[in-house]
Amino acid sequence: MYIGLFDTGILATALAESLQRISIGFSLALLIGGLLGVIIGVSKLADETLGSLVIALQSVPSIVWLPIALVLFQGGAGAIYFVVILGGTWAMTLNVRMGIKNVQPILIRAAKTMGYKNSELIWKVMLPASIPSALTGARLAWAFGWRALMAAELIGRGGLGRTLMDARDFFNMDLVVAIMIIISCIGLIVEYFIFSKIEKKVLSRWGLTNSAS
Amino acid sequence: MEKVAINHVEKTFPGKSKNESFTVFKDISLTVAPGEFVSLLGPSGCGKSTLLNIVAGLDQATEGDVTVGTEKIKSPGSDRGVVFQEAALMPWLTVLENVMLATKKKMNKEDAKSSAEKYLKLVHLSKFLHSYPHELSGGMKQRVAIARALSMDPKVLLMDEPFGALDEQTRMMLHREVQFIWEETKKTILFVTHNIRESILLSDRIVLMGTRPGGIRKIYSVDLPRPRDPASPEFIQLEQDIMSILGGEIEKVMKEEMGDDFNSKKASLLYGTDRNMGNHI
Ligand SMILES: Nc1ncnc2c1ncn2[C@@H]1O[C@H](COP(=O)(O)OP(=O)(O)OP(=O)(O)O)[C@@H](O)[C@H]1O
Ligand SMILES: [Mg+2]
């Protein structure tokens, strides 16, 4: 039965489509969110204006954007990407902002005495110092993005989410359960294996765990 | 090796309203000769760090100016190496990379590396080039910070209580190391401390500062031969001289901070002419 499913290639195609969407959407969320976070973290003016906007946006479940996105992108695949990106961006922004704000002032002062200025300070001190925080942001961005993607696909087109709905329509409960297991496994693998591994490495290198000393 | 001239410097921190502004010190003038080792000594809050930060360019003077050599200080720069009380090492870089962060700014990668290695050798850390800061002891971190400051080959070395957070043994070892480095490199050094013994042990001159009004109270020349022996009668005499003035300044600060709770008899027990004074403040 299950082998049959893979043979027809429905699942494989759906899985590939979902994975492609999440990887592109997640990367863009990291990029946009990270950039915005750095700007808000560095500039007081940006923080006072954009900062509260981001906090407001973050409290909106990103799937709420789907109707507007469907209109905006005329029902195209762009709508799903839009929702995935919105799902992940704000968590990334807020965490990068916090990372930049919480850089120990003494590190910045020390770098200044070595002759570093402005953008060099951002590159050489603030960004590396905020990596642990950015990593938390990335993990959250992935989690929100993945959930947003599944929700969007249930309503939209293609991917695991749509296949899940199709399977229900054909009363193929085995397939429904199989897809649900696949969806949760992917979530589990990425969050607990990939992210927590990287996190552990980074935290120990940044001297933020007690185990080393 | 350059001279440092502090000319009529005043520092006022602006308050929320005009009459809330706070003047730390006023009209401070001090010249540090090339290759001279000068300590700034004074009670907590008298503005030692503030003055050092102005020389470092991290803070701006409200009035007056500071020149290093012939150049007027406007911003921080690699001509003045600074060592803070905390080592302030980048936790994500190895010991070598931390020092290279300073040298890379001035030279190409190869020179930066060999220069960094040279100064890490000077502070006896060649074995730890590839360790991360969190793997080092407090004293080792501080030695990395010293190597980092020296590696830029600054004209002046500014140190703000560099050994304040260390235990007595480590501090004594670093005192010897600093004297050795100073003799080796002949840098001009401005050294902030509130430890009297430390200042006598290391400096050519001791600048005693006070509070309310903030400023220089007295300047002592230390004409004892090096290496200095803290048990010699001259050393003890100077320590007591300084203590008698510093004790009064500390009492002023404590009265200010504690108000009526302050009992000057108890204070004189705490801060009497006990010769370990200064180690515990
Ligand atoms: N940014 C600031 N705004 C307002 N007041 C400040 C600021 N920085 C320092 N001060 C005040 O200036 C005074 C001098 O501070 P400073 O840190 O230079 O003292 P210090 O002599 O180094 O003391 P310590 O021995 O405790 O390090 C203090 O009374 C402090 O409250
Ligand atoms: Mg200080």
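Predicted model: local features only at pLDDT ≥ 70, side-chain atom pairs only at ≥ 80, totals over all residues.
Colleague: How do the axes of helix H2 and helix H5 of chain A cross, and within what distance do they come?

Modeller: Helix H2 (residues 10-42) and helix H5 (residues 78-101) of chain A have axes that come within 6 Å and cross at roughly 35°. Axes here are lines fitted to C-alpha atoms, for helices over the stretch in contact, with angles from 0 to 180 degrees between N-to-C directions. Helices (H or I, at least four residues) and strands (E, at least two) are DSSP runs, numbered from the N terminus.

Colleague: What about H8 and H9 of chain A, how do they cross?

Modeller: H8 (residues 131-155) and H9 (residues 159-169) of chain A cross at roughly 45°, with axes that come within 7 Å.

Colleague: And which residues make that contact?

Modeller: On the H8(A) side, Trp146(A), Met150(A), Glu153(A), Leu154(A) and Ile155(A) take part. They meet H9(A) residues including Leu160(A), Arg162(A), Leu164(A) and Met165(A). Contact means heavy atoms within 4.5 Å.

Colleague: Switching to chain B, what's its secondary structure?

Modeller: Chain B has 8 helices and 10 strands. Its C-alpha trace spans about 60 × 45 × 35 Å along the principal axes.

Colleague: In what order do the strands of its open sheet run?

Modeller: The order in this sheet of 6 strands is E6-E7-E8-E3-E9-E10 (chain B), and the pairing is mixed. Two strands pair if DSSP finds at least two bridges between them. E6 (80-83) and E10 (215-221) of chain B each have a single partner strand, so one side of each has no neighbour in the sheet. From one strand to the next, the twist averages 20°.

Colleague: How many bridges join E6(B) to E7(B)?

Modeller: There are 4, and E6(B) runs parallel to E7 (residues 156-160) of chain B. Val83(B) stands opposite Met159(B) of E7(B).

Colleague: Which strands does helix H1 of chain B touch?

Modeller: H1 (residues 48-56) of chain B packs on the sheet and touches E3, E6, E7, E8 and E9 of chain B, with its direction at about 150° to that of E7(B). Helix H4 (residues 138-151) of chain B also packs on the sheet, touching E6 and E7 of chain B, and its direction makes about 170° with that of E6(B).

Terms used
Residues numbered from 1 in each chain as written. Chains lettered and ligands numbered in written order. Heavy atoms only, no water.
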